[in-house]
Amino acid sequence: MSRSTTIQAPGLSSYLKSLRSTPVEASIEHFISLLKRRQIRNSRPCALATTQLLIQVVKEFKGKDADKLLRRIRDVGRRLIAAQPREMVVGNIVRRVLGLIREIKDDDADADSNAVNSDAGSPTPHHDSLNRPHLASSISTFSPLRHGALPPMDTTSGPESLADSGELPHRPALFSSHTSYAPLGTSLFGLFSQPDTPSNTSTPTGRHSPTGKHTMTASALERIGESTILKRTNIKAEVLEGMNELQDELEQSDDQIAANALDHIHSNEIILTHTASTSVQKFLLAAAKKRKFTVVHAEAHPNDHDAVHATILTGKKRDAEVISEEAGDRWKPLTAAGITVVLIPDSHVFAIMARVNKVILATHSVLANGGLVAAAGARVIASAAKVHRTPVVVVTGVYKLSPVYPFDIDELIEYGDAGNVVPYDDGDFVDKVDVDNPLYDYVPPELVDLYVTNLGGHAPSYLYRIVADHYHPDDINLSGAVERDEK
């Protein structure tokens, strides 16, 4: 009797399982083929797959040089981006990992320089109320608070030498009048004038020598070398730790966005949304715990209407990209949470916009200028909201924010199967018309009022600051960075 085996379709879940037993180079080629065939698509699945793959790349890396690791990650990133340029989140994750490596590299370099300066005895200026630097002036030598610490006057030099040098003699320490009423060892002024331990004439390690140069012993140099090797040995472990934090950010992003729902959704409001987005559904469900409101759901025909119907009725998208029910991708339907849901076709959006209080949209990717790439129909909804002065709120994770500017908007738009718009069975009609089925729309920043991310709410004009905080300037153009390194 033959054993029944279940064949799993190629997708995210099967790819993540294959990473455990497949060599790294084969996993890279496998991911590239999945991206080209669109068997892994949309932001969150691509981000998870890219992060897991780069973790395996770092684990497989044998060297201890941060520059070589940077080149390795950049090379893999260029191949992945070339496989599917419109999945911008793949490049975002690669840039985040490169920035992490650069940060660790810079921290190690600063630590090494500080260790050298510490052992060499180079003074580091520290200005505060407790440790103020001494003034480089001869007037300060006559302060009565410093007379006990001054060296004795050199009696060998006569008045002529003093006149030639132009410097005044130091004031000698007072012994007669101030110490006459108490023994020298127990008086207050004696404590300052007579040190308990004799002075050592040898120059301590790391101090200034009489010639004005720094001295460093062989043991100090050896300690610096050992600490440097130790830091470079742990660079891979630190990178893996940072990548695990990045993976946690991807998994917790929707919950952190939903935590801001009560600040933006109020009672008795009418909310218009679009497409079956996990982030939007969790955002609405979080607000439904303490608010009563109505949701008007555009069905996003013809590409996403099946997932919209499934989300409203059962709370689960019928899509191969969903990992599993155990991974937390199933939620309560909106109606089960007490929300009144009205499903409308996309053609009714402008007519109903006058009754809508707020528009909440999901995004495929966010660009550095504040614009976004979203499912087809999002620009029509945002334009209608602009006419009716209805605020447009976009919920998105920071990992979707790309440092790319929309220089060529047509390159951002992906087109799908035209048979979803006009069936191929109607041959007479298909032969006479050209049918396009865009999967995404570009929404300019002037149509968006607020972005709600896992870091809080931000205006579109502020996104450039988040880009500067999360991406290194040398990693914006990955191909250009590689060319500079090769030169």
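I begin with strand 5 (residues 365-366) and strand 6 (residues 372-375), which run antiparallel and are joined by 2 bridges. Helices (H or I, at least four residues) and strands (E, at least two) are DSSP runs, numbered from the N terminus, and two strands pair if DSSP finds at least two bridges between them. This is a predicted model, in which local features need pLDDT of at least 70 and side-chain atom pairs count only at pLDDT 80 or more, while totals for chains, interfaces and linings use all residues. Residues are numbered from 1 along each chain as its sequence is written, and side-chain values use heavy atoms, with hydrogens and water left out.

Within this pair, serine 365 has valine 373 of strand 6 as its bridge partner. The hairpin of the two strands has 5 residues between them, and there glycine 370 takes a positive phi near 100°.

Strand 6 also pairs with strand 8 (residues 440-443), in the antiparallel sense and over 4 bridges. Here leucine 372 stands opposite valine 443 in strand 8.

I turn now to helix 13 (residues 378-387). Which of its residues are buried? They are Ala378, Ile381, Ala382, Ala384 and Ala385. These residues lie on the same side of helix 13 because they cover an arc of only 160° around the axis; the arc is that of the directions from the helix axis to the C-beta atoms. Val380 and Val387, on the other side of helix 13, are exposed. For these terms, buried means under 20% relative accessible area, exposed over 50%, and partly exposed in between (1.4 Å probe, protein chains only). Just after helix 13, arginine 389 takes a positive phi of about 60°.

In helix 11 (residues 305-313), the buried residues are His305, Ala307, Val308, Ala310, Thr311 and Ile312. Their cover includes helix 10 (278-288), strand 2 (294-298) and strand 3 (340-344), where contact means heavy atoms within 4.5 Å.

Finally, I come to tyrosine 405, located in the loop between strand 7 (392-395) and helix 14 (427-430). Tyrosine 405 counts as partly exposed because its relative accessibility is 41%.
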